[in-house]
Amino acid sequence: LGDITITPVDKAKNLCFLFDHQLNLDAQINAVSQVCYLNQRNLTRIGSKLSQDLKVQLVHSTILSFIDYCNSVYGKLSEKNVHKLQKIQNNAVRFIYGLYGEKRRESVMPYLKKLHFLPVKFRIKFKISLLVFKCINNLAPNYLKRSCIS
């Protein structure tokens with residue numbers, strides 16, 4: 001590139017996705033966690049005035065959308081990072097059903113089932129499986145089909 005010097009950085013952002021120098025996605029998960037916890041805190045302030053259906057819609061748009069964004073890249077995510085994302089989802093479910101105080105210790109799994117929410121680990125697997133299905137059945141864009149099927 002001639003006289004241009006490229007200096008390495010610890011993390012880089014592309015399409016709102018953070019890549020760190022080790023490609024372990026810690027920076028991305030921390031950024032997602034930060035945004036989601038901020039959104040949860042704001043939702044909690046108005047939660048008593050909202051219906052359950054509206055809470056579900058708000059959780060989808062302000063929390064789960066961040067967890068799901070580019071989650072097909074999370075295929076080999078460490079258990080530690082999957083656990084961080086699962087805690088965010090669990091807190092969102094507690095918000096929807098008002099599981100505070102003594103009820104906070106209850107398992108959220110029955111509530112996840114009621115809401116038809118897959119746990120984070122399975123959301124990631126589902127997204128990857130869906131992309132592969134679309135590639136195999138000619139439903140994906142050409143650039144994906146070419147990289148998936150050779």
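Is leucine 139 buried or exposed? In this predicted model, leucine 139 counts as exposed because its relative accessibility is 55%, and the cut-off for that class is over 50%.

## A nonpolar surface patch

Leucine 139 lies in a loop, between helix α5 (120-136) and helix α6 (142-148). This leucine also belongs to a nonpolar patch on the surface.

Helix α2 covers residues 52-68.

Which residues of α2 are buried? They are Lys55, Val56, Val59, Ile63, Leu64 and Ile67. These buried residues pack against four helices: α1 (26-46), α3 (79-97), α4 (109-115) and α5.

Side chains of opposite charge can pair when their charged atoms come close. How many salt bridges does the structure hold? The count is 1. The partners are arginine 123 and aspartate 68, whose closest N and O atoms are 2.6 Å apart. This pair links distant parts of the chain, since arginine 123 is in helix α5 and aspartate 68 is in helix α2, 55 residues apart.

The two partners can also be described by their accessibility. Arginine 123 has a relative accessible area of 13% and is therefore buried, as the cut-off for burial is under 20%. Aspartate 68, with a relative accessible area of 22%, is partly exposed.

## The cysteines

A disulfide is a covalent bond between the sulfur atoms of two cysteines. How many disulfides does the structure hold? The number is 0. For cysteine 70, the nearest cysteine sulfur is that of cysteine 16, at 9.0 Å. The cut-off for a disulfide is a pair of sulfur atoms within 2.5 Å, so cysteine 70 is in no disulfide.

Cysteine 70 follows helix α2 and has a positive phi, near 60°. Its relative accessibility is 27%, so cysteine 70 counts as partly exposed. Cysteine 135, by contrast, counts as buried because its relative accessibility is 2%.

Terms used:
Residues numbered from 1 in each chain as written. Predicted model: local features only at pLDDT ≥ 70, side-chain atom pairs only at ≥ 80, totals over all residues. Heavy atoms only, no water. Patch = residues over 30% accessible without salt bridge, like charges linked within 9 Å, V, L, I, M, F, W, Y side chains within 5 Å. Areas by Shrake-Rupley, 256 points an atom, 1.4 Å probe, with all protein chains shown as cover. Salt bridge = Lys/Arg side-chain N within 4 Å of Asp/Glu carboxyl O. Helix = DSSP H or I, 4+ residues; strand = E, 2+ residues; numbered from the N terminus. Buried < 20%, exposed > 50% of the residue type's maximum accessible area, 1.4 Å probe, protein only. Contact = heavy atoms within 4.5 Å.
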